[in-house]
Amino acid sequence: MTVPLLEAQGATMRFGGVTAVNGVNFALREMELRCLIGPNGAGKSTFFKMLTGQLKPSAGRILLRGRDITGAEPHQIARLGVGIKTQVPNVFDGLSVRENVFVAAARRGSARQARRITGETLERLRLTAIAARIVGQLAHGQRQWVEIAAVLAQEPDLVLLDEPAAGMTHEEVLRTAALIREINQTHALIVVEHDMQFIRMIASTVTVFNGGAILVEDDVERVMADPAVRDVYLGKQAA
Amino acid sequence: MTGWASFAAMVAAGLVVLLGLPLVFDLFGLLQMTVFAAMAVLALSQGFIWGYGGIMSFGQTAFFGLGGYTYAVAVMNMGDSTVPVLLSVLLPTLFAALLGYFMFYGRISDAYIGVITLTVTVILFNVVNSTAGDFYTIGNAPLGGFNGMPSVPPLNVPGDPSSPLDPQQTWYAAMGALLLVYILLRAVLASRFGRVVVAIRENETRAQLLGYDTRLYKLIVFAIGGGIAGLAGCLYANWGSFISPTVFGLATSAQVLIYVLVGGLGTLLGPILGAVGIQYLISVIGAQEMVNANLVLGAVLVVFVLLVPQGLVPVVQGLFRRVPGVRRGQVAEAAPVEVEL
Amino acid sequence: MRPFRPSRRGLLQSAATLAGGALAAPLVARHALAADAIKVGSLLDLSGPIGSSGQAMHATIRLAVDELNAGGGLLGRQVELVNYDTQSTIQLYSQYAQQLALKDKVAVVHGGITSASREAIRPVFDRYATLYFYNVLYEGGVCDRDCFCTGTTPAQTVNKLVPYALETWGKKAYIIAADYNYGQITAKWMGKYVRDGGGTVQATEFFPLDVTEFAATISKIQQAGPSVVLSALVGSNHTAFYRQWAAAGMKDKIPIASTTFGLVNEIATIAPSESNGVVTSYGYYEELSTPASTAFTKAVRAKFGDGLPYISELACATYEGFKLWAEGVKKAGSLDRMKVTEALETGIAVDGPSGKVTIDHATHHVVRNAYLARAAERKWDVFQSYPDQAPADTAAVCDLIKEPKLSKQFVIDVKT
Amino acid sequence: MALTGLILFNIANSIAVLVLLSLGLGVIYGMMRVINLAHGEFLMLGAYTTVVSANAGLNLWVAMLVAAPLAVGLFGLAVERLFIRFLYGRIIDTMLATWGLSLAVVGLITTIFGTTVRGVSAPFGGFAIGGYQTSVYSWFVIAVAAAMAAGVWLVLRFTKFGLIVRATMQNPDMAAALGVSPQWIYMMTFALGSALAGLAGGVLAPVSGVSPVMGGAFIARAFITVLGGGPAIVTGTGLASGLFGSISEVATFFTTPVFGQVALLLAALVMIRILPQGITGSGLTGRLLRRSL
């Protein structure tokens with residue numbers, strides 16, 4: 001059997017008396033696109049933070065291509081090829097769009113190479129026109145794009161996207177979905193989203209989180225049809 | 001490109017000051033400008049680590065004092081000043097690296113970095129202050145406790161201790177050092193390393209998630225700042241032929257912060273102008289007998305922070321660029337590196 | 001070190017004056033008023049932590065200048081005081097010292113309060129050939145032909161205080177002192193005189209200048225049970241010791257003798273219940289009832305009012321230091337530094353408020369009276385005087401007659 | 001045995017002094033994230049109010065316990081209205097402004113009262129523990145420190161003001177939701193912190209050297225204690241005072257005052273390294289004390 005790209009074994013995160021993520025077993029194949037859904041507080045973002053080293057798991061292991069990265073520093077995990085767009089736009093507000101992407105591209109290779117990647121990425125995400133603008137002055141949706149651009153410029157093997165379509169216009173959402181499918185040609189992805197339509201546009205397999213644990217993991221249509229999912233997730237969303 | 005143009009203009013202006021001042025100033029004016037230049041180097045070190053590295057050091061004077069004492073002790077033992085100058089940069093750099101390791105690898109938060117640096121400089125003050133006895137002599141150099149070390153030999157022509165620099169040459173050395181530090185910092189900031197440093201100031205988490213070991217970057221920035229402060233200490237000890245523990249004192253630390261804030265955080269020109277302006281103000285205040293010196297200085301600071309909170313240089317830049325001024329404390333909105341002076 | 005001579009740049013001289021003028025704008029008016037006056041520099045801390053010591057010194061040097069001018073001036077010219085407030089900052093001492101020597105070109109500088117400030121400016125005046133007077137009681141040992149020290153040193157005062165304490169109260173002493181050079185060296189002298197008098201030193205403790213809590217020390221002193229506490233504590237923070245000592249009810253149990261208490265108005269600021277009975281030794285007390293002293297204090301109070309702090313040895317020595325210099329100038333008939341120095345070295349004396357004050361050629365210190373006094377109801381009760389005390393401590397290491405080129409401060413090796 | 005009792009008493013006194021010095025700063029920093037660098041001068045103003053009004057004939061207890069906190073509290077109110085309120089959220093600017101304020105206040109007091117002022121002496125006198133004399137006034141200092149800490153805790157825990165303050169600390173919009181303007185809360189908090197500093201200055205006046213520059217000796221210790229304590233104002237300040245006070249007192253007694261000071265500072269360094277968010281903000285103690293005030 002091939003080694004999964006990413007694997008979590010009994011990953012657990014406790015804060016004081018609260019268990020945010022409880023014994024999650026999770027595996028992702030190379031080049032797979034996976035959606036993570038679940039109500040607010042289900043532990044999705046906490047799980048992402050454990051994957052990227054921002055939180056050290058209280059118990060369990062996290063493996064990247066079979067290599068144990070439990071408790072590694074965020075920068076070490078990033079260097080092993082994991083890029084993340086966080087839930088709240090996490091960009092360099094005081095720098096220009098180009099500089100944001102350049103800093104992401106510049107970690108390895110020559111400066112010339114970094115400039116080339118920067119140019120290509122800006123073009124690919126149609127950000128060239130606003131490349132000189134200061135990111136802090138851009139609209140919310142545009143800042144999301146800048147962050148995605150930075151993640152791509154980093155050239156990761158695995159891309160984690162936490163609510164990439166939040167706060168975007170309908171047209172932007174369509175573009176984002178197209179982009180995700182395009183990224184998936186070359187990269188593995190995990191996407192956290194609430195928007196079911198959006199998930200239908202992109203997903204094959206969906207993992208549902210609830211109460212810090214995995215409720216169900218299946219094909220998108222079957223998950224949608226699952227009454228348990230409807231109860232915890234859609235019911236919650238309606239409320 | 002704006003960056004290059006402003007850089008060239010600044011270096012040219014620096015050279016004019018370097019070469020021109022001895023032609024128009026008398027000896028006293030030149031000596032006064034020499035100490036202003038030394039303090040401007042200190043202000044640059046604070047401005048660099050704080051304004052660009054986002055590291056809030058309350059105790060940059062620790063490295064300043066260490067540099068001064070290192071120079072004094074070394075030159076008294078060696079005679080020739082060349083190696084002591086190098087040591088006065090090297091030792092504070094190493095000390096800063098060590099302290100930086102302690103702080104940044106210990107995940108100590110910003111406000112606490114302020115406390116630790118403050119504490120370190122207060123400890124150094126207490127320790128050096130109580131070295132009055134004969135016991136505290138390093139080679140030929142008694143540390144002298146509170147009284148400090150008088151008659152520190154001046155800089156000399158490298159390799160020739162019998163040719164000490166005269167005041168005009170000392171000016172060239174101090175101002176030349178200031179100019180060099182400025183050029184060095186501009187180069188650092190323009191490099192890929194500098195971009196990352198500023199990016200870390202903007203958003204440390206993002207930089208980590210992009211694969212940068214931000215602890216290492218901050219440590220390097222802090223060490224560079226320490227070395228520059230050490231150089232400033234060497235120039236200062238050399239200017240007055242004297243060094244005493246008050247260089248470690250809280251009053252000095254606070255003054256350096258004020259230089260940077262008044263001149264403009266997130267710029268390099270600002271700290272230089274702030275240092276010269278404030279020191280000039282202080283020396284003018286001391287020459288009058290009408291009003292208590294503290295009262296005037298305090299009032300100036302309060303008014304300044306209320307009316308010109310972003311510092312002088314950003315305000316002037318704002319006037320020229322017709323861009324709304326950037327408020328300090330919201331560094332996140334500071335202008336990008338390439339257009340800054 | 002050879003004196004530095006500015007290179008001549010004839011054509012640029014006027015430009016230099018312009019730029020210099022711009023730098024020192026606040027002084028221009030003063031200069032214009034008294035173009036041919038003799039300029040005398042004064043460098044004292046008038047603000048900041050050490051400002052409390054400088055206020056009275058500043059007052060008495062102004063008085064001395066005014067009196068001289070009222071009497072016709074010096075060499076037929078008026079004397080003008082150029083004063084800078086050094087704000088308790090060493091860097092400003094160096095800066096203003098350069099300004100006085102190079103820009104104001106004063107004939108002499110009186111000033112410096114802490115030893116650190118003196119050591120910062122003494123080399124500046126050596127380098128730029130300016131005569132310098134340090135008018136403060138200190139630890140002794142300065143040996144520099146360009147510098148005169150007119151305050152008392154331990155041999156003149158500690159040498160009276162300690163034997164008195166041992167005879168009156170007993171032979172076991174506990175020494176507490178400020179943790180810097182003055183305190184460290186004075187504590188050594190105290191120890192020496194205690195042993196000379198057949199006593200024992202139980203312990204010696206040093207306190208950084210910003211210490212304000214003395215409970216632990218008060219306990220330690222009680223544990224040791226000395227017959228007298230010898231104090232060389234310095235500054236307003238350390239004043240807290242006397243208050244906490246009294247609050248603990250120790251004041252009437254173990255007596256205190258001090259080389260520093262009362263110099264900066266402590267006698268007026270703390271309650272009699274905290275200060276009564278403390279014995280000190282200085283070269284001058286405001287309560288001294290000689291005609292010269294009474295005239296002096298009346299003149300000072302008339303000019304500066306009762307708001308001025310206590311007129312201690314610091315203020316008196318500043319006044320006398322200025323008078324000594326003026327006598328030197330009169331005798332030399334010139335302002336030239338070397339001529340005035342040589343005139344002073346002939347053993348010039350003035351009758352000051354404290355009595356006769358005579359320059360000692362070998363040390364450039366002074367021979368002067370010393371007094372013992374006891375605090376009583378916010379006053380000093382002067383109960384003993386010792387005329388013409390020589391600076392024997394400095395004399396043991398410094399002989400400027402034999403070695404006029406010396407310029408250093410000896411750390412005197414205190415022998416027991 | 002008597003000696004042990006005496007040392008314990010001294011430790012209690014030293015802790016009490018640290019609490020007095022830092023609680024006012026702690027209230028202002030803890031609730032408003034404003035580092036008041038003029039805090040030492042607020043203490044000094046408290047001492048001056050006590051000394052000047054007592055010399056003018058006011059009863060010492062009234063001067064110390066009423067006049068000093070009242071005067072400094074009002075001064076704090078004025079400072080908040082005139083400067084600080086323009087600077088909220090700009091921690092660096094408030095530091096610069098309060099530093100300037102501290103210089104100006106020192107200058108102003110020197111101009112008005114000169115460099116020295118006639119002090120007041122401590123009431124009560126001494127008492128003996130075994131064969132050792134110590135000060136009754138220290139009991140009073142300890143009592144005031146305890147009362148101050150308890151008072152602040154009770155106010156935060158049980159009053160409406162306390163509730164609103166705690167809510168505002170969590171989220172400024174919360175106060176607005178409760179029908180109170182955050183501006184008002186900040187103003188009152190700053191005045192409260194100032195009044196505490198004034199009270200502390202008043203209580204310490206009889207056992208300190210009262211001068212315009214006396215604040216300088218206090219500010220570093222207060223600053224380190226407050227930040228060492230972490231986010232919980234009373235618990236944090238209290239625990240940090242306890243830790244630093246004991247260490248410096250014991251070190252001073254068994255070695256020298258210099259080492260006592262250095263020991264305090266080294267303890268602070270080590271503690272911040274182990275608990276980077278202060279005692280009540282990190283590590284085991286942080287988890288235990290997360291919900292404390």
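**Chains, a hairpin and a helix**

Tutor: Before anything else, please keep in mind that this is a predicted model.

Student: Which pair of chains shares the most contacts?

Tutor: There are 5 pairs of chains in contact, and of these, chains C and D share the most contacts. Chain A and chain C, on the other hand, do not touch, and their nearest C-alpha atoms are 38 Å apart.

Student: Back to β2(D), then. What does β1 of chain D do with it?

Tutor: Strand β1 (residues 126-129) of chain D runs antiparallel to β2(D), and 4 bridges join them. One residue to look at is D:I129, whose bridge partner in β2(D) is D:Y132. The two strands form a hairpin with 2 residues between them, and in the turn D:G130 has a positive phi of about 60 degrees.

Student: Are the faces of β2(D) covered or open?

Tutor: Both faces are covered, with D:Y132 and D:T134 buried on one side and D:Q133 and D:S135 buried on the other. In a regular strand, side chains alternate between the two faces of the sheet.

Student: I also clicked on D:V117. Where is that?

Tutor: D:V117 is found in the loop between α4 and β1 of chain D. Leaving aside residues up to four places away in sequence, D:V117 touches D:Y48, D:V51 and D:V210, as well as C:T269 from the other chain.

Student: Why does D:V117 count as partly exposed?

Tutor: That is because D:V117 has 19 C-beta neighbours inside 10 Å, whereas a residue needs 20 or more to be buried.

Student: Changing topic: why is α5 of chain A described as largely enclosed?

Tutor: Because 11 of the 14 residues of α5(A) are buried, the helix is largely enclosed by the rest of the structure. The buried residues include A:W145, A:I148 and A:L152, and what covers the buried residues of α5(A) includes β6 (82-85), α3 (97-105), α4 (111-124) and β7 (158-162) of chain A. Just after α5(A), A:E155 takes a positive phi of about 55 degrees.

Student: What domains is chain A divided into?

Tutor: Chain A is divided into domain 1 (1-81 + 157-239) and domain 2 (91-155), and the centres of these two domains of chain A, taken over C-alpha atoms, are separated by 24 Å. Where they meet, 6 residues of domain 1 of chain A are in contact with 5 residues of domain 2 of chain A.

Student: Last one: where in chain B is the pLDDT below 50?

Tutor: Chain B averages a pLDDT of 86, with 93% of the residues scoring at least 70, but over residues 322-341 of chain B the pLDDT is below 50. Where pLDDT is low, the predicted coordinates should not be read in detail.

Methods
Residues are numbered from 1 along each chain as its sequence is written. Chains are lettered from A and ligands numbered from 1 in the order in which they are written. This is a predicted model: local features need pLDDT of at least 70, side-chain atom pairs count only at pLDDT 80 or more; totals for chains, interfaces and linings use all residues. pLDDT is the predictor's confidence in each residue, from 0 to 100. Two residues are in contact if their C-beta atoms, placed from the backbone, lie within 7 Å. A residue is buried if 20 or more other C-beta atoms lie within 10 Å of its own, exposed if 12 or fewer, and partly exposed in between; C-beta atoms are placed from the backbone. Two strands pair if DSSP finds at least two bridges between them. Domain bounds come from an automatic or database domain assignment.
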